[in-house]
Amino acid sequence: MKPNITLNPDKEVVARIKEGLKKKDGYCPCRIPKLEEYKCICEEFKAQIADPNFEGYCHCMLYYKSKG
């Protein structure tokens with residue numbers, strides 16, 4: 001079953017993270033270096049999406065993965 005990925009329901013958090021993403025050219029605003037693995041959606045969250053047992057937020061709290 002395909003996992004369900006949604007935005008954080010807190011619109012203020014979403015707005016702040018999206019603003020940070022714009023300022024950092026799409027790289028996670030919660031991390032200092034601009035490394036390719038931190039480009040949104042980051043490699044860490046992609047791995048969490050692939051894990052059928054993971055349910056929760058990505059590192060910066062923009063996305064939430066529900067178990068399928």
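## Salt bridges

The structure holds five salt bridges, a salt bridge being a side-chain nitrogen of Lys or Arg within 4 Å of a carboxyl oxygen of Asp or Glu. This is a predicted model, in which local features need pLDDT of at least 70 and side-chain atom pairs count only at pLDDT 80 or more, while totals for chains, interfaces and linings use all residues. Residues are numbered from 1 along each chain as its sequence is written, and side-chain values use heavy atoms, with hydrogens and water left out.

Glutamate 12 pairs with arginine 16, their closest N and O atoms being 2.8 Å apart, and both residues lie in helix H1, four residues apart (helices are DSSP runs of H or I with at least four residues, strands are runs of E with at least two, and both are numbered from the N terminus). Arginine 16 is exposed because its relative accessible area is 58%, where exposed means over 50%, buried under 20% and partly exposed in between, with a 1.4 Å probe and protein chains only.

## Asparagine 8

Asparagine 8 lies in the loop between strand S1 (4-7) and helix H1 (11-23), and its relative accessibility is 8%, so asparagine 8 counts as buried. A polar atom of its side chain lies 2.9 Å from the backbone oxygen of methionine 61.

## Nonpolar core

The largest nonpolar core has 11 residues, among them Val14, Ile17, Leu21 and Cys60; such a core is a set of buried Ala, Val, Leu, Ile, Met, Phe, Trp, Tyr and Cys residues joined through side-chain atoms within 4.5 Å. Helix H1 supplies the largest share of this core, three residues.

Definitions and conventions
A polar contact is a pair of N or O atoms within 3.5 Å; within protein, one must be able to donate a hydrogen and the other to accept it, and residues adjacent in sequence count only if both atoms are side-chain atoms.
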